[in-house]
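Colleague: Could you walk me through this one slowly? I am new to reading helix packing, so please start with whatever term I will need.

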Amino acid sequence: MPRSMTGFARLEQQYDWGTLSCEVRTVNHRYLEPTIRMPESLRAAEPKLRDQIRKKLSRGKVEANVHLRTEAADSSNLGLNLTLAKQLAKMSEQLSAELANAAPINPVEILRWPGVIQTAEVDAEVLQAATTELFNKTLDQLIANRDREGTELGQLIEQRLNAIAEHVVDVRKRVPEILAQFQEKLHAKLEALKIEVDEDRFHQEVVYVTQKSDVAEELDRLEAHLTEVRLALKQKGPIGRRLDFLMQELNREANTLSSKSMASDTTQTAVDLKVLIEQMREQIQNIE
């Protein structure tokens, strides 16, 4: 079944050490182009995340964002970088000595300096495992969303396939009538011009025009391509490129049908076919 290349998914998971969230957005693209944004503390997990993307997605521009928010540490997990604090205090005393009427050193200000108060770090392997697991679940949700949209795209394409099939049946029925009308009009013109016509020559001309305007082969190929499109829509895996190729073939036959047209209604039918094919092609640009 077709799968859309457009999708979005977001999951968030809370842990004892903080909150992890993953967000993945995809749009159509000729190839698979992933971009992952994540904090440096999680960067070790990036190769595994890219590997998951390659295994689960075939085409599309992928934008993934991973966010980490650590919980505020309690007093039992706090530590003091005493060496850094002493250095800061000594530098503050030196600065105070150079300034007139300097305010006394406030220990709280020293504690606010980055790195003075230390918190217990989360194990890197724990972070990597949690990130990989949550990202994998987010990708699964994204794929489910893309599958749902792909099903809707398939239904829209099927509607247009049915419309094209109806046009093909109608043209096939109309061909004998169009040829008969052509002969009648040709006879009427010759009679109006009071031209004596050699019947053999007349029939040769009719046969020539009939062969030149014969669209049976084009109609057969249109029906064959419709069958191939329907088969492709039932296949598993990426089908977008095959469908795009089939749209080109359908459009080629519609153009030939238009060039061979002998009546205004078949010309209009060819135009209608090209409109339907273009509508399908626009939808197919978004199919993986």
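This is a predicted model: local features need pLDDT of at least 70, side-chain atom pairs count only at pLDDT 80 or more; totals for chains, interfaces and linings use all residues.

Colleague: Okay, so at what angle do α7 and α8 pack?

Modeller: The angle between α7 and α8 is about 170°, and their axes are 9 Å apart. Since angles over 145 degrees count as roughly antiparallel, that makes α7 roughly antiparallel to α8.

Colleague: And which residues of α7 and α8 meet there?

Modeller: From α7 the residues include Leu243, Met247, Leu250 and Ala254, and on the α8 side they include Ala270, Leu273, Ile277 and Met280.

Colleague: Which residues of α8 are buried?

Modeller: They are Thr266, Thr269, Ala270, Leu273, Leu276, Ile277, Met280 and Ile284. Looking down the axis of α8, these buried residues fall within an arc of 125°, so they line one face of the helix. On the other side of α8, Ser264 and Glu282 are exposed.

Colleague: How many residues does α8 have, and how far does it reach?

Modeller: Helix α8 covers residues 264-284, which is 21 residues, and it reaches 30 Å from its first C-alpha to its last, close to the 30 Å expected at 1.5 Å a residue.

Colleague: New topic: where is threonine 138, and is it buried or exposed?

Modeller: Threonine 138 lies in helix α4, which spans residues 124-192, and it counts as buried because its relative accessibility is 0%. Leaving aside residues up to four places away in sequence, threonine 138 touches Ala9, Arg10, Leu11, Cys22 and Val24.

Colleague: Last one: how many helices and strands does the protein chain have?

Modeller: There are eight helices and six strands, and along the sequence they follow the pattern β-β-β-α-β-β-α-α-β-α-α-α-α-α. Of the 288 residues in the protein chain, 32% count as buried, and among contacts between residues at least 6 apart in sequence, 79% join residues at least 24 apart.

Conventions: Residues are numbered from 1 along each chain as its sequence is written. Side-chain values use heavy atoms; hydrogens and water are left out. Helices (H or I, at least four residues) and strands (E, at least two) are DSSP runs, numbered from the N terminus. The expected span of a helix is 1.5 Å times one less than its number of residues. Buried means under 20% relative accessible area, exposed over 50%, partly exposed in between (1.4 Å probe, protein chains only). The arc is that of the directions from the helix axis to the C-beta atoms. Contact means heavy atoms within 4.5 Å. Axes are lines fitted to C-alpha atoms, for helices over the stretch in contact, and angles run from 0 to 180 degrees between N-to-C directions. Angles under 35 degrees count as roughly parallel, over 145 as roughly antiparallel, 65 to 115 as roughly perpendicular and the rest as oblique.
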